[in-house]
Amino acid sequence: MSAAVWIDTPAALEKAVSALQPTGWLALDTEADSMHHYKESVCLASVRLGKTTLLIDPIAIPWETLAPFWKVTTAVPWIIQGADFDLRLMRRIGAPEPPEVFDTMIGAQLCGLKAIGYAGLVHYFFNITLSKASQKADWSARPLTPAMLDYAAQDVFYLDGIREHLTARLKELGRLEWHKESCAKVVRTSRITKEFDPEEVWRINGSSKLEESALPILRALWHWREAEAKERDVPTFKIVNGDRLVEIAAWSDAHRKNDHLPGSLYPGGCRGARGLRFQEALRVGKAAPPIPHLPSEPRARRDTAVDRRVEKLKKGRDEIAHKLQLDPSLLAPKATLFTLAQEGKAGAERLIGESRWCSWQAELLGPVLNAA
């Protein structure tokens, strides 16, 4: 494997970009620090174009100086393993949208391969076992170790070869257009940012099972955890995980006269000033009035006709998937089958229009939908 070029200054970037030839495909991978810091950020962008591998440090290089790099890289299509995550991260450092994306994971799925991860595909096509030792490393640390740099370079080194293998197989199977449409859908959905209600964001998994009198305790603990994680610049799960927060809220509500949590529930590292802030959050939560649960959507009455159509659709989907040697959920997950059973062709058109389904999937299941 040829040596990668470490880029951590505008001058080094300018020199590297001037030598790039915008032809062929650009292999791309990113590394973030979500396992080590409160706010996730892009710590490294690995790119390979032709025989040149660049490891670009977005921590050291001002984003505005990346413009010449974007001009070259967006002149060619990109190869990404699991494109949604990397596209979202690249937008954070000002990357414009690529003209086309080849998602190797989707390609592997459409070829019916069991190995769809990057390391699995490298082993499948090249019989090479990649080290995963740096997978959970702190990519915000500087300097990066030689092992981390090698890991980052390897993550893009084989992507173009994988693309060539998958393209040949997709053509042979007659599924290349399926792949193009699926990749285009991923690019569209990667633009969507999930909105959170700041007044309700503390309602984490498990909160719906709490008593209403326990909800203000959970809310106070959630805000305490956010403040502690932000101050210490660590992910919130390193303060205390969500399940434990729910357990603490439930126990504190049931034992309101007891100010001392059992040791099995007490968050680690909560001593001194941190412990006092934790106790204050419990006090505030206990003193607050109950919070009503969010109104649940009225449960639809069971429709036996819809249930029968779902079963027919599922049976037909599974038969098609078996013939194609594909995972049935790749053709239509359970939620999609339910929508189709309820809305028929109109539902299929809506799902496609909302970028939640592809035309090739609808065409495959068309006869099944008509029969159901």
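Asp84 has a relative accessibility of 27% and therefore counts as partly exposed; that class lies between buried, under 20% relative accessible area, and exposed, over 50%, for a 1.4 Å probe and protein chains only. This is a predicted model, where local features need pLDDT of at least 70, side-chain atom pairs count only at pLDDT 80 or more, and totals for chains, interfaces and linings use all residues. Residues are numbered from 1 along each chain as its sequence is written, and side-chain values use heavy atoms, with hydrogens and water left out.

The partner of Asp84 is Arg88. Their side chains form a salt bridge, 2.8 Å from N to O. The term requires a side-chain nitrogen of Lys or Arg within 4 Å of a carboxyl oxygen of Asp or Glu. Arg88 is partly exposed too, at 31% relative accessible area. Both residues sit in helix H3 (residues 83-92), 4 residues apart, about one turn of the helix. Helices here are DSSP runs of H or I with at least four residues, numbered from the N terminus.

Side chains of opposite charge can pair when their charged atoms come close. By the salt-bridge rule, the count comes to 18. Glu343 is partly exposed at 33%. Arg350 is partly exposed at 30%, and Glu354 is partly exposed at 36%.

Now a buried position. Ala153 has a relative accessible area of 4%, so Ala153 is buried. Ala153 belongs to helix H6 (residues 146-157). Ala60 is 93 residues away from Ala153 in sequence and 18 Å away in space, C-alpha to C-alpha.

Last comes helix packing. Two packed helices are described by the angle between their axes and the distance between the axes. The axes of H5 (residues 118-126) and H7 (residues 159-173) come within 10 Å and cross at roughly 70°. Each axis is a line fitted to C-alpha atoms over the stretch in contact, and angles run from 0 to 180 degrees between N-to-C directions. H5 and H7 are therefore roughly perpendicular, the class for 65 to 115 degrees. Contact means heavy atoms within 4.5 Å. On H5, the contact residues include Tyr118, Leu121 and Phe125; on H7, Ile162, His165 and Arg169 are among them.

Conventions:
Helices (H or I, at least four residues) and strands (E, at least two) are DSSP runs, numbered from the N terminus. Angles under 35 degrees count as roughly parallel, over 145 as roughly antiparallel, 65 to 115 as roughly perpendicular and the rest as oblique.
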